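This report looks at the pockets of one protein model and at the residues that line them.

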Amino acid sequence: MKKAFAPKFIFYICIVALASVLPLIFSSKYVMHLLTTFMISIVSYLGLNLLIGLSGQVSLGHSAFFGIGAYTAGLMCTKLGTPAWITIILGTVFSIIIGALLGLPAARLKGPYLTMTTLAFTQLFILLMTNLTDFSNGPIGVINIGPLKLFGIAFDTKYKMYLLTLAFALLAIFVFTRIKNGPIGRSWRAMGNSRIAAEAMGINPVRYNVLAFAICSGFAGLAGTLYAYYNTYISPDQFNLSLSFSMVQVLVIGGRGSVLGTIIGAFIQTFVPEWLRPLGDWRYVIFSVLLILIVIFAPAGCVGLLNKLKSSIIGHRKIEQSHNEEGKV
């Protein structure tokens, strides 16, 4: 057991070390910006993957919770001068509370009714942040957010912000994995496979659905606080329905219920449109065609396709081994 664990641990350490120096290798502010955005996206998308990939609930309200975290951090920082570590905690906690409150009625809904409820919640958030000008500065948004200081360290450079978002992304991956492999994750998967069978086994669907919304919202709120400090400016139009659709799209591309799928989806969503930018408006057409091809040929996402390839390779090797053994006999 320990011998099998050691190579994996060393491999993960190497990956983290490589990720830490990637911006220095490319020495480009543009690449560093994309990598930081990529790390923030991982935190946000992992939360949505818990909700959709494990519990089987489709939500279009993720961008609203992302915005709740961002506005909590932004407003507390600029209007109250609250320390960053408090705003990050409160932004996450506030998102969890709102997510649980939304989850109470949403837990009794399913299919298009649940989707429409979360969609309406996103629209409500945008309308409130746009029209409550005395509170949120309305369409103008919140400016000059920051600087971000944690534990006496000022994250006042792009590279320091990247390392911070990398640390939070690793934390999110750890929490996601623990939840997925724990009793909560197993209960969600049971509900996703068959709600009736899950109830027969003593699982309370309402309780676990509310819990799924709360934890999912917490991930989004945390990512939102990081986004606010990194971008230093937020406005209501940054958290619209288009962002919610893009978040769901990531899970379609990468694969549901998987850390690797989330990372692959976030990578494609962040980098591929930028690589296609020289093509102008054609990049939207190409990216749309890519998404359609993934849905057709890899309905389980890129991770599902990789698993199929892995299974076929292993099966082919087993067949070769059996032929070799027969030849020896």
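Which helix gives the largest share of the lining of the largest pocket?

## Basis of the model

The model is predicted, so that local features need pLDDT of at least 70 and side-chain atom pairs count only at pLDDT 80 or more, while totals for chains, interfaces and linings use all residues. Residues are numbered from 1 along each chain as its sequence is written, and side-chain values use heavy atoms, with hydrogens and water left out.

## The largest pocket

The largest pocket has a volume of about 1400 Å³. A pocket is an open set of points on a 1 Å grid over the protein atoms alone, where a 1.4 Å probe fits, with protein on both sides within 12 Å along at least five of seven lines; lining residues have an atom within 4 Å of a point. A volume is the space filled by probe spheres set on the points, which are joined across faces, edges and corners.

Helix 1 supplies the largest share of this lining, 12 residues, and helix 1 (2–26), helix 2 (29–54), helix 7 (158–181) and helix 12 (259–275) each supply at least two. Helices are DSSP runs (H or I, at least four residues), numbered from the N terminus. The lining has 31 nonpolar, 2 polar and 3 charged residues, where Ala, Val, Leu, Ile, Met, Phe, Trp, Tyr, Cys and Pro count as nonpolar, Asp, Glu, Lys and Arg as charged, and the others, Gly among them, as polar.

## The second largest pocket

The second largest pocket holds about 890 Å³ of space. Of the 28 residues that line this pocket, Thr37, Tyr45, Leu243, Ser246 and Gln269 are the closest to its centre. Helix 2 gives the most to the lining, with 7 residues, and the lining divides into 12 nonpolar, 12 polar and 4 charged residues.
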